Structures are given as C-alpha cells and as structure tokens.
Amino acid sequence: MRGPYLVELAQREKAGKLLGDIAPDLAGLEIMLEKERIYPLYVREVKTPAAHILKENMLSLGGEAVTARGVLNHALEVSDVLLLGTEKQYKALAPKLARQPWGLKSLGQNILDLLARVINPKRLVWTWPGKELVIGEKVLVMGILNITPDSFSDGGKFFDQRKALEHARQMVEDGADIIDVGAESTRPGSQPVSGEEEQERLLPILELLKKEIAVPVSVDTYRASTAKAALDLGAEIINDVGGGKFDQEIARVAAEYQVPAILMHHEKVDALDTFGMIGAVVDGLRESMQIYAEAGLSPEKMMIDPGIGFGKGTQGNLILLNNLAALKTLPCPFLLGASRKSFIGETLDLPVTERKEGSLAAAAWGVFQDAAVVRVHDVKETARLVRLLEAIREAR
C-alpha cells in the first residue's frame, strides 16, 4: 500500500479519469461522481417563508442551507441564504421548488441552468471569412495595442504607425490570439477625445493591421460610430468598455454586423462586502447583456469583462478577483483584464513599470478561474505561463 496522496478533484472530468483508472463498477462510478463536489450557491434577499422552505428541503436531501438567525421564528422579513449541495441534491431540489411560491420555482430552474453551465461548459466558435476563434478549449491571450499618447501603461509608445504595426506583429509572434487596439485612454483622470479624433488615430493603423496580421482584431471603444467605421475596415470584434451603457447604439451596430462583442462592467461600486460587490457586478453585466440582446445579438456572440480597475478600488478589485466564479451565473464566457492595473501597484507598492510579476500572477489566477481570455501587455511571458499552467492542469 502506498499513499494516501492528496489529489485535486474539483473538476468532474478529472475526477472521472482518476476514478476510471481505478476501474470501479461503471454503475458505481456515476454515483461516486455525484457525491464528488459541493457547490456553494449564495441567494440574496429571500423572503423568510421561502428561506425556511429551502432550509427544510436541503436538509431532507442531505445538503444544507445557511440562513439568518431570525428565519426560524419569522423575526425577519428576508434573509440571504447560502446553499451547500451536490449536483444530485440540487437536481432533486428543483422539482420540489417547482410547486412553491415566493419565486422558488424560478430559483430551482436558475440553479439547474447554472449547474449545467459550470459542469458542462459550452464550447463556442467565433468565425469570420478565413478565421476562427475557439472559445473554451484553451485560454486565449489578447495583446493590448494602445495607440494613445496618454495610456496609463504605455502611452505614446506605439502612437507612431510603424511602431504600432511592429508591436502588433511581435505580439502575434509571441503568442497573441487576438490583438485589441484602442485609440482613447480609459485610465482614471484621462481626457476624453472626440469620435473624430479617435477614428483619426485608429483607422489608419487598423487598415495596416488587417493587411499584415492573421489573428482577429478587436476594437476597444464605446462609440457606435467608431465601432461601425472599424467594422467597415474589417475589425472582427467590438470590445465595448461601456457595456452598451455609454452609447446604446453600439449594441445595434454589433447586431447589424453580427460580430462578437465583449461587454465590460464600468460602473462605480461602493459596496465593499463580498456579496454586495459581486452582486453589483453581475447585475450590471446582466443589464449590458440585455441591451445587446434587445438589439439583436445572440448571447453566443457575447463575452463579459468584470472591469478590473474600473470604479472598484484596490480592495474591491481583490474581492472581485477572489470571486470570479460568480461570473458563471451569466450564460457567456468572461475575459480578465488585470494587466498592470493600479491595484497591483498599490498592493505591491510598485510603479507601473514594475508590475509584470503582479500581472502574471493575476493572469495565472484567471487561468484557474476558467477565464476564456486574458487581456495583457506582456504577451510572450503570459502565453508561456498559460501554456504551462494548462499542461499542468490537464496532466493525469
């Protein structure tokens, strides 16, 4: 006898492979997998009778529901609830909730939908003439190309067209799957430019990029007019830093051209408690998705971005990073853009020129939180990091 050995069983596929190596009875294997993982689900502002029903039903199924102290004697009108159950227990819970009032029927279905996305994530393919991106097969690296004089990290460095093109080529050679080009800085305190000036900076370089590089190009903008002009020149993706809320016409442009869109959370969030922060970000992103859906874009062409570094403060950004799993509440993949952000500098007490290690740490965290894309300045280092982490994660 050797061992015991501690192994990671958080992923159902990995657990199945490991148990399969032991060669148990096949009927028993599925039963074992159903016992394998607890999924904590946090539900906010549940009416007290509904919280009591959740508690009773979860206990009867062998799970747990953590409620406020005043639920049992109905001293409270509402309570947050933390559900602790396995996939099997939640599947048994949903039919019980289907017969109950107070929104419990919808909650049961939402739980099933959420588990389906977490346990069996959908693989998406974004296609264009002669190009495609597979979303969900590996973590993709998006290289940042700032053509602004005042970007927080590399402002002015690639303002020259020749230097911008050389940098884009180098990022592709270093492993970038997407090039994200932006012509207006969105750093705190930056001065906005007009749509005309944004396009004067952007379009000539975009035209060169489309001739010279083979990977898809996304355009970092919140303006419908800029997005439309860029798409006319062949840009493949809209990276909307306003999430459809700065200029709602941009959603209609995305729907008209039927191109993928990345929707970023940009609103200021004051609540620093964990669930206040996460709830505000998820709700804000859900609103952005609704804007785009109403314009006619399918969720399968949407990606969300929690907006690290925008309106959240250092502690808020750290809380958000620590709870990226909550983004799986929404039915689309997410992008993580933490490269060289100020929370890294404030946490490590470093200037923007010395944030590479912190940026790589954030990218690594994103890999293990199932980010579909990491948006970065240091492409070569990040691409190598991602490849090795994925090799370790997939090794048996």
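Predicted model: local features only at pLDDT ≥ 70, side-chain atom pairs only at ≥ 80, totals over all residues.
**Exercise 1. Salt bridges across the chain**

Solution: 
- Step 1. Start from the rule: a side-chain nitrogen of Lys or Arg must lie within 4 Å of a carboxyl oxygen of Asp or Glu. Asp177 and Lys138 meet it, at 3.6 Å from N to O.
- Step 2. Place the residues. Asp177 sits in the loop between helix H6 (161-174) and strand E7 (178-182), and Lys138 in the loop between strand E5 (131-135) and strand E6 (140-146), so the bridge ties together parts that are 39 residues apart in sequence.
- Step 3. Check accessibility. Asp177 has a relative accessible area of 15% and is buried; Lys138, at 41%, is partly exposed.

Task: Where do Arg375 and Asp180 lie, and are Arg375 and Asp180 buried or exposed?

Solution: 
- Step 1. The closest N and O atoms of Arg375 and Asp180 are 2.8 Å apart, and the two form a salt bridge.
- Step 2. Arg375 belongs to strand E13 (residues 373-376) and Asp180 to strand E7, so this pair joins parts 195 residues apart in sequence.
- Step 3. Arg375 is buried at a relative accessible area of 15%, and Asp180 is buried at 0%.

Task: Which helices does the pair Glu256 and Lys228 link?

Solution: 
- Step 1. The side chains of Glu256 and Lys228 form a salt bridge, 3.7 Å from N to O.
- Step 2. Glu256 is in helix H9 (residues 249-257) and Lys228 in helix H8 (residues 224-232), distant parts of the chain that are 28 residues apart.
- Step 3. Glu256 is exposed, at 55% relative accessibility, while Lys228 is partly exposed, at 32%.
- Step 4. For the whole model, the count is 24 salt bridges. Lys131, Lys210 and Glu236 are linked in a network of them.

**Exercise 2. Helix H6**

Task: What covers the buried residues of H6?

Solution: 
- Step 1. Consider the span. H6 has 14 residues and reaches 20 Å from first to last C-alpha, close to the 20 Å expected.
- Step 2. List the buried residues: Ala164, Leu165, His167, Ala168, Met171 and Asp174.
- Step 3. Their cover includes E6, E7, helix H7 (195-212) and helix H14 (379-394).
- Step 4. Look at the end. Just after H6, Gly175 has a positive phi of about 120°.

**Exercise 3. Asn57**

Task: With which residues is Asn57 in contact, leaving aside neighbours within four places in sequence?

Solution: 
- Step 1. Asn57 is in helix H3 (residues 48-60) and is buried, with a relative accessible area of 14%.
- Step 2. A polar atom of the Asn57 side chain lies 2.8 Å from the backbone oxygen of Ile53.
- Step 3. With those neighbours set aside, Asn57 contacts Leu93 and Lys96.

**Exercise 4. The open sheet**

Task: What is the strand order of the open sheet of three strands, and which helices lie across E1 and E3?

Solution: 
- Step 1. The order is E1-E3-E2, with antiparallel pairing.
- Step 2. Strand E1 (39-47) and strand E2 (64-66) are the edges, each pairing on one side only. From one strand to the next, the twist averages 25°.
- Step 3. E1 and strand E3 (residues 78-85) are joined by seven bridges; Val43 has Val81 in E3 as its bridge partner.
- Step 4. H3 lies across E1, E2 and E3, at about 150° to E1. Helix H5 (residues 104-119) lies across E1 and E3, at about 155° to E1.

Note on methods: Residues numbered from 1 in each chain as written. Heavy atoms only, no water. Helix = DSSP H or I, 4+ residues; strand = E, 2+ residues; numbered from the N terminus. Buried < 20%, exposed > 50% of the residue type's maximum accessible area, 1.4 Å probe, protein only. Expected span 1.5 Å × (residues − 1). Contact = heavy atoms within 4.5 Å. Polar contact = N/O pair within 3.5 Å; in protein donor to acceptor, adjacent residues only side chain to side chain. Pairing = 2+ DSSP bridges. Axes fitted to C-alpha atoms, helices over the stretch in contact; angles between N-to-C directions.
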